[in-house]
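Take a look at the sequence and the 3D structure below. The report then goes through some of the features, one at a time.

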Amino acid sequence: MPGNDRTGRPNAATIAGKSKRVGLGLRLGEAGTAFLFLLPSLVIFAAFWFYPLAASIVLSLHLTDPRGRMTAFVGLENFRTVLTDPYFLESLKTTALFTLFTVPPTIGLALLAAFFTHVIRRGKGAVRWMFALPMAFSVGTASVVWGLLFNPSVGLLNALLGRFGLGPVFWLSEPGWALFSVSLVTVWLGFGFAYVVLLGGMATIPVEIEESARLDGAGLGTRFFRIVLPLVSPQLFFLAVVSVIGALQAFGQIHLLTQGGPMNATNVYVYNLYLEAFRNYRFGTASAMALLLFGLVLGLTLLQFRRLERRVHYR
Amino acid sequence: MTNAERLVVGTGLLALLGFVLFPIVFTVATSLMSPEEMLSGHPHLLPEQPTLANYARALAGAPLLRFIENSFLVSAAVTAGQLVTASLAAYAFVFLRFPGRTAFFFIVLATMMIPWEVTLIPNYLTMVRLDWLDTYQGLIVPFLAGAFGIFLLRQAFLQIPMEVVEAAKIDGASHFWTFARVVVPMARPGLLTLGAYTFLTTWNMYLWPLILTNDEAMRTVQIGVGMLMFQEFTEWNTVLAGIVIVLLPSVIALALGLRFLIGGLGAGALKG
């Protein structure tokens, strides 16, 4: 949180003056009060996180009918079915590629943009608003806009390439291009959030540190690599964790742009899961897939904490 | 900065702004272009004869205003609910002592690791059982509390000097009074961060409204925009005019909340 809030924080004197008006008048121990304060969150968590997690585990051990009712206990059979399904294994590979195509470019571009915004003197407000704009787009609106840019006959991207004597590229209908194109949309869409987080991190760097570096004659490159990069490492780490989780869960852009095609080239994990549950109505195997995804996310996050967090510089 | 450095920063900024802004300029420009002009055979960015006719067609063609109303209602309710539940929970985690506090906080954090897809099927089945398909409560209630909000506000509350809360307690104020009159006003930037973030993410939600709603009257804007795309005669300029209309509320929310998002999300990554 920024330490400087000028939002009329009450000082101790005004608090002392008003404190006779007591709120609920309940006599509860501190633990009882804590329970009451936590209760609304607890109810939602229990109903929509803890219960479904348990239910997923139960579902994954059963066969189900199209209405989701369990019909027979099959033990780990669903997991075996999933793990030997060639489509599933193919979708794992696609998801790995998709993560590689989206996470490093998003963070890299946002880091550059945030650093450039950080060092300019004039026009900062306008620049940061423009860079943050993709945050206002949803996966739905972004997919429609990019889908039109990709359009082979009226799309502007091919018109642009044509000016340089290149193309046309069949962005979404050629198996070799489709995953790249969907990744491009994803990078653009995720850029705003990554930028805002990194810019926020740079804003907390004490002015004196950068000022003294400047007086010592440090160039832009030195400022970037020696000061800014280490000091935003907590934000970079946070983004790495959050974006990998996000990439593993990508769905909307696939659903709207390619529906997993052409020839399964963009059939990522969650799209495959969606087909299994809401097209094939096989909730048992779909639950097994969801739990395997949970395991994957948990494993990767732990790995990142082990491997990356050691290099993070917390102040 | 030396001149060479200025050149690097300037070109870098221009290139990156080009990448970020190109689709947005394209959206606005094409929404002002007549379909005849767009299909005239030479694709170009800026309209030669700008027109607002597409906006009229977008509003007439799909119940866009109804979708906006739905999304606005859902986003506002979820935002209000999250602010209440998350600030109450964060208060308990920061200012109250109770057995199992640390353990319970970690359980809350661990739910951030559960992919939404794990809960998707059971939650969908819960909705079927409650008969909450195609209802506002189905779109709102599951999102009324979240680990991210609790985490973010806990970070914000930790910045409040303990003495302020102690002083209120010595004066005999109840915890509820201290919460509502001392802690919440002091943590306003944090609350605004969470508010702006929750509003944007709820407004932009896709998968849950897609599987929960079938009735056109209950659909949210994001699903509505997808619907415009798959109509029999897709009129692209009309679709883009619709998108501009749908984007307006989130662009406004972003403009109002950006300051707090930069302050809050950046610091939220710091270790608490």
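## Two helices in chain B

This is a predicted model. In it, helix 8 (residues 147-158) of chain B packs against helix 11 (residues 188-203) of chain B at an angle of about 160°. Their axes are 9 Å apart. Angles over 145 degrees count as roughly antiparallel, so helix 8 of chain B is roughly antiparallel to helix 11 of chain B. The crossing of helix 8 of chain B and helix 11 of chain B is right-handed.

Which residues meet here, in helix 8 of chain B and helix 11 of chain B? Helix 8 of chain B brings B:Gly149, B:Leu152, B:Leu153 and B:Ala156. Helix 11 of chain B brings B:Gly190, B:Thr193, B:Leu194 and B:Thr198. By class, the residues of this contact between helix 8 and helix 11 of chain B are 4 nonpolar, 4 polar and no charged.

## Where chain A touches chain B

Now turn to the contact between the chains. It takes 95 residues from chain A and 94 residues from chain B. On the side of chain B that touches chain A, helix 14 (residues 236-268) of chain B gives the most, with 17 residues. That side of chain B has 69 nonpolar, 19 polar and 6 charged residues.

## Annotated spans in chain A

An unreviewed UniProt entry places the feature "transmembrane region" at several spans of chain A, including residues 28-51 and 177-203. How does the model build them? Residues 28-51 of chain A are 92% helix and 0% strand. The end C-alpha atoms of that span lie 29 Å apart. Residues 177-203 of chain A are 100% helix and 0% strand, with end C-alpha atoms 38 Å apart.

## Annotated spans in chain B

For chain B, an unreviewed UniProt entry gives the annotation "transmembrane region" to spans that include residues 7-29 and 136-153. Residues 7-29 of chain B are 100% helix and 0% strand. Their end C-alpha atoms lie 30 Å apart.

Residues 136-153 of chain B are 67% helix and 0% strand. The end C-alpha atoms of this span are 27 Å apart.

## A hairpin in chain A

Chain A also has paired strands. Strand 1 (residues 62-64) of chain A and strand 2 (residues 70-73) of chain A run antiparallel, joined by 3 bridges. What is the bridge partner of A:Leu63 in strand 2 of chain A? The partner is A:Ala72.

Strand 1 and strand 2 of chain A form a hairpin, with 5 residues between them. In the turn, A:Gly68 has a positive phi of about 90°.

Technical notes
Residues numbered from 1 in each chain as written. Chains lettered and ligands numbered in written order. Predicted model: local features only at pLDDT ≥ 70, side-chain atom pairs only at ≥ 80, totals over all residues. Contact = placed C-beta atoms within 7 Å. Helix = DSSP H or I, 4+ residues; strand = E, 2+ residues; numbered from the N terminus. Nonpolar A, V, L, I, M, F, W, Y, C, P; charged D, E, K, R; others polar. Pairing = 2+ DSSP bridges. UniProt positions renumbered as here; feature names shortened; annotations may be inferred. Axes fitted to C-alpha atoms, helices over the stretch in contact; angles between N-to-C directions. Parallel < 35°, antiparallel > 145°, perpendicular 65-115°, else oblique. Left-handed = near helix turned anticlockwise from the far one by under 90°.
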